[in-house]
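Hi,

Here is the structure I promised to pass on.

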Amino acid sequence: MIGEYTDDELHRLHETLYEILAEIIRVCDVLRIPYFIQGGTAIGAFFEQAILPWDDDIDIGMTRANYERFLREAPAVMDRERYFLQWLGTDPHTPFYFAKMRRNGTVFLEHNYRHLPIHQGIYIDIFPFDKVPDSPRLQKAQRTLANFFNCCFMGKEVWQWKHCGRCEIDHPTDRGFWPCLVQRLVQTPLSKRAVYRLLRWSQSMFNGLKHATFYNMVLMPKDHIAVAAIEHPEQRPFGPLTVWAPSDLETYLRRHYRNLRRVIPKEEQQNHRPDQLSFA
């Protein structure tokens, strides 16, 4: 269900998101690092040529090699007075396995992470995409393993389950006692960086496949994007900018969103309305 923003808040938030995206595009152009829009951002580009009217974030993806190049090389060329590239290497208490480009001087304080000592600025998500096997059975096994390590990674900062620890969110994730116990036993002796390495390994274990059909974030079954669509992207207008998108964008979107349509009822609209929002 959509959170309630005022029209002015959404307008200013969209302006800030476009500003952050422009910096990411500039950095990628300088470093010659390919990227692509995905998820709800791709829906916006397809139907509105802009951020969806109710949306409050932008999601972009990069293949694993390009993502890790971005983490290594972007800080040298980005405007660090205005932006902060957040990931485990720069913000050790982050609960996110992926990166975020945040705008300095702003606040986007999400409820579940309000107590963490991390940068809490307005952000754009940057996800690594890895090749996945064509076998549904292997995909499921890989996804299960990756999600387990991701729970361990997040659990180092925020315990989200009702068993084997004090839940730190309002609505505990529905998960049984035994999975929670196994997670607690595995994550406790390991450092957060060790868990991150295991998660990265589980996500990228099939990147050596020569004939994989899809890339995916691995943790989610629906985020299949054809290898060819990522390796041969196309440009799309997006608000005041032009962005790279997977080729044959409609095919990707209809695979990901089985009920894809332009008009979405309000009760199905999703966003991340924060506890606190302020602009530079």
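**What I found**

Let's start with Glu 81, which is exposed, with a relative accessible area of 74%. Keep in mind that this is a predicted model. You'll find Glu 81 in the loop that links helix 3 (64-77) and strand 3 (83-86). Now find Arg 103 as well: Glu 81 and Arg 103 are 22 residues apart in sequence, and their C-alpha atoms are 9.2 Å apart in space.

Next, go to strand 2 (residues 59-63). Is this strand enclosed or open? Five of its five residues are buried, so strand 2 is largely enclosed by the rest of the structure. Look at where the residues point, too: Asp 59, Gly 61 and Thr 63 go one way, Ile 60 and Met 62 go the other way, and all are buried. In a regular strand, side chains alternate between the two faces of the sheet.

Which strands does strand 2 pair with? One partner is strand 1 (residues 36-37), which pairs with strand 2 in the antiparallel sense over two bridges. There, Phe 36 sits opposite Gly 61. Another partner is strand 6 (residues 123-132), and this pairing is parallel, with five bridges. If you want a pair to click on, Ile 60 has Ile 126 of strand 6 as its bridge partner.

Strand 9 (residues 234-238) and strand 10 (residues 241-245) run antiparallel and are joined by five bridges. Glu 234 stands opposite Ala 245. Two residues lie between the strands, and Gly 239 in the turn has a positive phi of about 60°.

Asp 248 has a positive phi of about 50°, and its place is in the loop between strand 10 and helix 8. Asp 248 is partly exposed, with a relative accessible area of 48%. Cys 164 has a positive phi too, near 65°. That residue lies in the loop between helix 4 and helix 5 (177-187), and Cys 164 is partly exposed at 24% relative accessible area.

Now for the helices. How do helix 4 (residues 136-155) and helix 6 (residues 192-204) pack? Their axes are 9 Å apart, at an angle of about 160°. Angles over 145 degrees count as roughly antiparallel, so helix 4 is roughly antiparallel to helix 6. The two make a left-handed crossing. Among the residues in contact are Leu 145, Phe 149 and Phe 153 of helix 4, and Val 195, Leu 199 and Trp 201 of helix 6. By class, this contact has 10 nonpolar, five polar and one charged residues.

Compare that with helix 2 (residues 40-47) and helix 8 (residues 249-256), whose axes come within 10 Å and cross at roughly 130°. That angle makes helix 2 oblique to helix 8. This crossing is left-handed. Ala 42, Ile 43 and Phe 46 of helix 2 meet Leu 249, Glu 250, Tyr 252 and Leu 253 of helix 8. Here the classes come to six nonpolar, no polar and one charged residues.

Cheers

Key
Residues are numbered from 1 along each chain as its sequence is written. This is a predicted model: local features need pLDDT of at least 70, side-chain atom pairs count only at pLDDT 80 or more; totals for chains, interfaces and linings use all residues. Side-chain values use heavy atoms; hydrogens and water are left out. Axes are lines fitted to C-alpha atoms, for helices over the stretch in contact, and angles run from 0 to 180 degrees between N-to-C directions. Helices (H or I, at least four residues) and strands (E, at least two) are DSSP runs, numbered from the N terminus. Angles under 35 degrees count as roughly parallel, over 145 as roughly antiparallel, 65 to 115 as roughly perpendicular and the rest as oblique. A crossing is left-handed if the near helix is turned anticlockwise from the far one by less than a right angle, and right-handed if clockwise. Contact means heavy atoms within 4.5 Å. Ala, Val, Leu, Ile, Met, Phe, Trp, Tyr, Cys and Pro count as nonpolar, Asp, Glu, Lys and Arg as charged, and the others, Gly among them, as polar. Buried means under 20% relative accessible area, exposed over 50%, partly exposed in between (1.4 Å probe, protein chains only). Two strands pair if DSSP finds at least two bridges between them.
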